[in-house]
Amino acid sequence: MSKWMHVASKTASASASLAFTKKEIDGATVLAVSALAVGLRALVPANNTVTLNIQVSVAGAIDTSAVYAFSNWGAPYSTGTGADQGHSAATTAFILGAAAGTAGAGFGTSGYFTIFSPFDTATDKAAMWQATQTLTATTGVHYVGGGTWANTAAIDGLSVAFSAGNITSGSVDVYLLIAQ
């Protein structure tokens, strides 16, 4: 049996990114951790037509190398028709959803991101996510996605940021899935 343990929270206020350090996320590494989850609540971009990006940290530095692979599928509320919302075999971040968003309007981006075996050094890391994102002030898109981070290093931090501009408002929580 496992349980989620809340380990950190941050609230944005015209923030370039919300970064979590080793000290904040790995306080429980003496325990068996099978996943790290990030809760995203109403993250509103300062710029229009941006993506929400998540990068991980190794040895205290955010990994910006092209070792993230991902795909997204989503359906805008206005059409209800599902479609590819972006994908890449090698890029510099997990990109959640399509380039969308209305600066300072709507409900922003809310959802979750989970990366599995974050402290394991024997395997690459798999991730999955699900979120709802503002398209215009009154409509949005719901998407699901997943990918891999092609690195066997233990993760010791992460960063949540929009592809351009600041995070006007919203909050992020980090949890660890602990085996009991």
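This report looks at a few strands and residues of a predicted model.

Start with strand 12, which covers residues 157-162. This strand is mostly covered: 6 of its 6 residues are buried. Which residues point which way? Gly157, Ser159 and Ala161 point to one side of strand 12. Leu158, Val160 and Phe162 point to the other side. Both sets are buried. The general rule is simple: in a regular strand, side chains alternate between the two faces of the sheet.

Strand 12 pairs with strand 2, which spans residues 18-20. The pairing is antiparallel and has 3 bridges. Here leucine 18 stands opposite valine 160 of strand 12. Strand 12 also pairs with strand 4, again in the antiparallel sense, over 6 bridges. In this pairing, leucine 52 faces phenylalanine 162 of strand 12.

Strand 4 runs over residues 50-58, and valine 50 belongs to it. Is valine 50 buried or exposed? Valine 50 counts as buried because its relative accessibility is 2%, and the cut-off for buried is under 20%. Along the chain, valine 50 and alanine 98 are 48 residues apart.

With a relative accessibility of 4%, serine 57 counts as buried. What does its side chain reach? The side chain of serine 57 makes a polar contact with the side chain of aspartate 156, at 2.8 Å. The serine 57 side chain also reaches the backbone nitrogen of alanine 61, at 3.3 Å. Leaving out residues up to four places away in sequence, serine 57 touches several others, including Ile62, Asp63, Ile155 and Asp156.

Alanine 14 is not a glycine, yet its phi is positive, at about 55 degrees. Alanine 14 sits in strand 1, residues 2-15. Its relative accessibility is 52%, so alanine 14 counts as exposed. The cut-off for exposed is over 50%.

Serine 117 is not a glycine either, and it has a positive phi of about 50 degrees. Where does serine 117 lie? Serine 117 is in the loop between strand 9 (109-116) and strand 10 (125-134). Its relative accessible area is 27%, so serine 117 is partly exposed.

Conventions. Residues numbered from 1 in each chain as written. Predicted model: local features only at pLDDT ≥ 70, side-chain atom pairs only at ≥ 80, totals over all residues. Heavy atoms only, no water. Helix = DSSP H or I, 4+ residues; strand = E, 2+ residues; numbered from the N terminus. Buried < 20%, exposed > 50% of the residue type's maximum accessible area, 1.4 Å probe, protein only. Pairing = 2+ DSSP bridges. Polar contact = N/O pair within 3.5 Å; in protein donor to acceptor, adjacent residues only side chain to side chain. Contact = heavy atoms within 4.5 Å.
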